[in-house]
Amino acid sequence: MSKASLDASGIRKRVRATVRTLERRYDGTPLKNGRSSIEQLVYCIAARQNPERKAAGAIRDLKSGFAGWNEVRVSSVLEIADILKQHDIFQPIPKAEQIIRALSRTFSDSHKVKFDELTRDRAEEARVYMTRKLGLPSPVIADFLFSALNYGKLPVDEPVGRLLQRLGLVSNKLDFPKLEKTVSDGLTAREAATAYRILESHATQICTERDPACGRCVLFQDCPEGQARKAAAEQAVIEAEKAAEAARVAAREEALRLKLEAEKAKKAEADKLKKAEALKKAEAKKAEAAKKAEALKKAEAARKAAATKKAAHAKPAAKKAKAGARPARAARRAGTGRRPDPGGRPHTRAAGRKRKR
Ligand code: SF4
């Protein structure tokens, strides 16, 4: 449901329906009063996000421990925080700082709003003064206005405005004052206080500024912001899954690429080794051939040397033989027709016959 589709009456109805939905979960009862205005201011600070009985105990001890609120004002933060701690007050130090700051400015400011003189007619003046001069959180101011001045409006401050904006009842902060007027119309002071406390509790406990717990919110079905956040969260999950899948695919591809590269490198290394091996074998073969050629060469040289030597030995023998053959040829030429006897015997026919016998 968009704000544009709702008129003032529709916005009021929607806010009241929202309050009814939430009232089962939060206590919207306004803070008790019966104190002086200054004391009620300190009480509202102590009771913020704390049970009233604890705040009441702390106020009692502050009053009994110090001569007056002026003395509390000039005390140290730790002194005040110690008393708050004794009553188990949530965030004692920030609250002690708020108490001292509020009291100091109230007592020292010459243009101060006189709290004890305040009436409901001056509630707006008190609201502005407490916001700007005392620097108090808006829920503390609202509690004071409701409990001390019977304030008749439902304040659309930061937390309540944020909640109503997320519900689509106002488009921006500049329209908060106008929305406050619209939603306050027709409410009694007590209804306004109750509605504020319920809406503010939901805004600060569930619909927080930074991280609203839409999954646990009872207003989720009627909340455009909650729906948009859910859709965005689902889209983010889809995107994250896509990114994770893309990362897985990229990782698989990278692993495959590395594997192929490793195989390629391994093959290249094997080829290199094979080539080196082949080269080594070729070189060994070449060396073997060279060795054989060398051996052959040596053998040839040896054979030649032997032949030369043999020839050198054969020459004197031939000469000698030649020399021995010369007398025989001479004898033949002389007519005996016989070769001289190597023993020196004459080659006669009688000598021959005698040798045969
Ligand atoms: S659904 Fe979310 S954004 Fe809407 S009111 Fe609830 S917590 Fe706030």
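From the N terminus on, the elements of the protein chain follow the order α-α-α-α-α-α-α-α-α-α-α-α-α, giving 13 helices and zero strands, where helices (H or I, at least four residues) and strands (E, at least two) are DSSP runs numbered from the N terminus. The model is predicted, so that local features need pLDDT of at least 70 and side-chain atom pairs count only at pLDDT 80 or more, whereas totals for chains, interfaces and linings use all residues. Residues are numbered from 1 along each chain as its sequence is written. Of the 357 residues in the protein chain, 25% are buried, that is, have 20 or more other C-beta atoms, placed from the backbone, within 10 Å of their own.

Helix 8 (residues 138-149) has 12 residues, which at 1.5 Å a residue should span 16 Å, in agreement with the 15 Å between its end C-alpha atoms; the expected span is 1.5 Å times one less than the number of residues. Because 11 of its 12 residues are buried, helix 8 is largely enclosed by the rest of the structure. The cover over these buried residues includes helix 2 (37-47), helix 7 (123-132) and helix 11 (189-205). Just after helix 8, Asn 150 adopts a positive phi of about 55 degrees.

Around the ligand lie 14 residues, of which Cys 207, Cys 214, Cys 217, Cys 223 and Gly 226 come nearest, a residue being near if its C-beta atom, placed from the backbone, lies within 6 Å of the molecule. Helix 9 (158-166) and helix 12 (224-334) are the elements that give two or more residues to this shell.

Definitions and conventions: Contact = placed C-beta atoms within 7 Å.
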